[in-house]
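Here is a friendly briefing to read alongside the sequence and the 3D view. Have both open as you go through the topics below.

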Amino acid sequence: MASDAGSRGGTGAGTARVVVQRGLFFEELEPGTVYDHRPGRTLTEADNVLFSTLTMNPQALHLDAAYSAEQPFGQRLVNSMLTLAVMVGQSVGQVTQGTLVAQLGLTDVAFPHPLFHGDTLYSQTRVAGKRLSGSRPGQGIVTLEHTGRNQDGTVVATFTRTALMWTGDGYAVRR
């Protein structure tokens, strides 16, 4: 299927309307709006081990059950970089699918409580601010605040993300 961020199709007989899922264009993102992302993602031992080894992170707190059992949390911890990656991924369908130009940065990253194997991660994104780009016509810079919670509602991660987003007109012109 084409990577069209809008919808296309006809209303004639025998022609189905085709809608391509997309995120939101710059002008659709309103500061203060909060998006709850569902479904949640239950993180498994396999997820954690695979992510840690794929990213060449041999931290014993992620991989060694015997070692981790003797540490303050008493069990292995889900790799915090996996937590961030899942949180960004959970936001894509609602916020940035097909409307993101580039991720510009992450700041203010915090992990106030660990995730463990079997925990379910739920996340939300708050639009904190936005401005049109001064150097890239048809694009704008959006500040997004992400919060991740486990199945009990405990905050496990927070961070701020800056993203370069298409405006609707900018996207249409580039096509």
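**Hairpins and strand pairing**

In the hairpin of β5 and β6, six residues lie between the strands, and Gly 138 takes a positive phi near 85°. This is a predicted model, in which local features need pLDDT of at least 70 and side-chain atom pairs count only at pLDDT 80 or more, while totals for chains, interfaces and linings use all residues. Residues are numbered from 1 along each chain as its sequence is written, and side-chain values use heavy atoms, with hydrogens and water left out.

- Strands here, like helices, are DSSP runs numbered from the N terminus (strands: E, at least two residues; helices: H or I, at least four).
- Strand β5 (residues 120-132) pairs with β6 in the antiparallel sense over 10 bridges; two strands pair if DSSP finds at least two bridges between them.
- Within this pairing, Gln 124 has Thr 147 in β6 as its bridge partner.
- On to the next strand: β6 and β7 (residues 155-166) run antiparallel and are joined by 11 bridges.
- Ile 141 stands opposite Leu 164 in β7.
- β6 and β7 also form a hairpin, with five residues between them, and Gly 153 in the turn has a positive phi of about 90°.
- How enclosed is strand β6 (residues 139-149) by the rest of the structure? Eight of its 11 residues are buried, so β6 is largely enclosed. (Buried means under 20% relative accessible area, exposed over 50%, and partly exposed in between, with a 1.4 Å probe and protein chains only.)

**Salt bridges**

- The structure holds four salt bridges, each a side-chain nitrogen of Lys or Arg within 4 Å of a carboxyl oxygen of Asp or Glu.
- One of them joins the side chains of Glu 145 and Arg 126 at 2.9 Å, N to O. Glu 145 lies in strand β6 and Arg 126 in strand β5, so this pair ties together parts that are 19 residues apart in sequence.
- Both ends are partly exposed: Glu 145 has a relative accessible area of 32%, and Arg 126 has 34%.
- Arg 76 and Glu 45 meet through their side chains at 2.8 Å, N to O. Arg 76 lies in the loop between α3 (65-69) and α4 (80-96) and Glu 45 in helix α1 (residues 45-54), so the pair ties together parts that are 31 residues apart in sequence.
- In that pair, Arg 76 counts as buried at 15% relative accessibility, whereas Glu 45 is partly exposed at 41%.
- Asp 47 and Arg 41 form another salt bridge (2.7 Å, N to O); Arg 41 is partly exposed, at 35% relative accessibility.

**Aromatic rings**

- A search of the whole structure finds three aromatic pairs. Rings of Phe, Tyr and Trp (its six-membered ring) pair if their centres lie within 6.5 Å; planes under 30 degrees apart count as stacked, over 60 as edge-to-face and the rest as tilted.
- Phe 25 and Tyr 171 form a tilted pair, 5.5 Å centre to centre with 50° between the planes. This pair links distant parts of the chain, 146 residues apart: Phe 25 is in the loop between β2 (17-19) and β3 (34-42), and Tyr 171 is in helix α5 (residues 168-174).
- Phe 25 is buried at 9% relative accessible area, and Tyr 171 is buried at 4%.
- Ring pairs link Phe 25, Trp 166 and Tyr 171 into a cluster.
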